[in-house]
Amino acid sequence: MPKNMESAVFHQEFSNSDQRTAWEVAGEYIYTAPGVQDTDYLTLTLNVPGYRAQSLANSEMNELSRITFVFETICTADCRFYFLVGYSKWNNYLVEQWKGRNRKQSYSYLIQSNHTVSFTWTFQRTEEFSMDRNFSTDAAKIYSIHITNVIGGVASQCLRCAVTSDKADSSCVPCPPGHYMVNTTGECEKCPPNTYIRTSQPVGKTACVHCGPNTKRNKAYTACLSDCTFRVQTGGEAVQTYDFSPLSNVTGFTSSPRFTNRGLQYFHHFNLNLCGTESRVPASCVDNVTESGKVVKGYVCQSTVVPSDIRSQSMVSSQPFIIGDSLIGVTTETTLGGISSPAWLFPSPQLPDVIFYYK
């Protein structure tokens, strides 16, 4: 196990066991060891010293660092797998959780604060206490953990440096906005019109991504936007014009009441801002329960709200996450960019529906 990682066992019920090893190394992955009780919390914590200064390439997205890990859960019971981030393993908050069996998959989390230096993975086989070990073979596996821009970190790959116009300057600088780097020469070439740069792959012409239908790239060459207008030919030469400008304002709505198995009432709250120019105010969802005050922003976001007993707050909001942060296109087609819109959602055959596609 790396020196900056540690594992621990936390017993939910009284136990005389002094077991301390929760995660063990096994070749291509690390996995949860069999616990004394099925209700044990098996935690794995990774601490990093901090991050380098924010790079120019990621300043537009407010990306200080990014953690990506590949995991799998093999469960026969109602297991839980949690991912928490924060200042330490004692001062953190829940980011995401998975229930039951989950196939091998990758998960990424954007780090935007120098205070986020501790990452914890916790696995619990079941919440139902029993003296018998019925689910000791249930396990979580982590195959890889990759964090960018860490102080004292090492490179996982090397990229060709762009050739600058000033040959005397040997520093490596990114290509100008809207340009990609040619693999063979290192020269910067301009992308075709109405395309944006895929930041994860700034080398080669494939880095230039065409904007979807009825969208235009922004000035920073990082995304495509809709101006809230749409025109469609409905038959012959007739053109139907739509004005969606009211959708450029942030709108919120709440689901019908839901209840936990203990009878606690809660709601899912959605905020959305479906189109607009670069100066638009994005939809945001917040966490006002923990000290982190986490805020996520995008086109569509969701949070869980619970009625509050605190006089200054009628509702408390938690677990915010983004549903859509990039606009793929606006069209009457029912499939776009690998996303399908079920026909039963739009039953009217007379007038084609205008569909906004997001990722």
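Predicted model: local features only at pLDDT ≥ 70, side-chain atom pairs only at ≥ 80, totals over all residues.

Colleague: Which residues touch the most other members of the largest nonpolar core?

Modeller: Look for buried nonpolar side chains joined by contacts. Here the largest such core has 33 residues, and Trp 23, Phe 81, Phe 83, Phe 119 and Trp 121 touch the most other members. Several elements give two or more residues to this core, including strand 1 (5–10), strand 6 (80–86) and strand 9 (118–124). A separate core of 16 residues lies apart from it, with Cys 228, Leu 274, Cys 275 and Val 330 among them.

Colleague: What does Trp 121 touch?

Modeller: Leave out residues up to four places away in sequence. Then the contacts of Trp 121 include Trp 23, Leu 44, Ile 67, Phe 69, Phe 81, Phe 83 and Ile 145.

Colleague: Now the rings. How many aromatic pairs are there?

Modeller: The count is 22 aromatic pairs. Take Trp 23 and Phe 81: the centres are 6.5 Å apart, the planes make 50°, and the pair is tilted. Trp 23 belongs to strand 2 (residues 23–26) and Phe 81 to strand 6, so this pair ties together parts 58 residues apart in sequence. Both Trp 23 and Phe 81 are buried.

Colleague: Why is the pair of Phe 83 and Tyr 109 edge-to-face?

Modeller: Check the angle between the planes. It is 75° for Phe 83 and Tyr 109, with the centres 6.2 Å apart, so the pair is edge-to-face; the cut-off is over 60 degrees. Phe 83 in strand 6 and Tyr 109 in strand 8 are 26 residues apart.

Colleague: Are Phe 83 and Tyr 109 buried or exposed?

Modeller: Phe 83 is buried, at 0% relative accessible area. Tyr 109 has 12% relative accessibility, so Tyr 109 counts as buried too; the cut-off is under 20%. Both rings belong to one aromatic cluster, which also includes Trp 23, Phe 71, Trp 98 and Trp 121.

Colleague: Where do charges sit over rings?

Modeller: Lys 104 lies over the face of Tyr 143, 4.0 Å from the ring centre. The charged end of Arg 280 sits over the ring of Tyr 299, also 4.0 Å from its centre.

Note on methods. Residues numbered from 1 in each chain as written. Heavy atoms only, no water. Core = buried A, V, L, I, M, F, W, Y, C linked by side-chain atoms within 4.5 Å. Buried < 20%, exposed > 50% of the residue type's maximum accessible area, 1.4 Å probe, protein only. Helix = DSSP H or I, 4+ residues; strand = E, 2+ residues; numbered from the N terminus. Contact = heavy atoms within 4.5 Å. Phe/Tyr/Trp six-rings, centres within 6.5 Å; stacked < 30°, edge-to-face > 60°. Lys NZ or Arg CZ within 6 Å of the ring centre and 35° of its normal.
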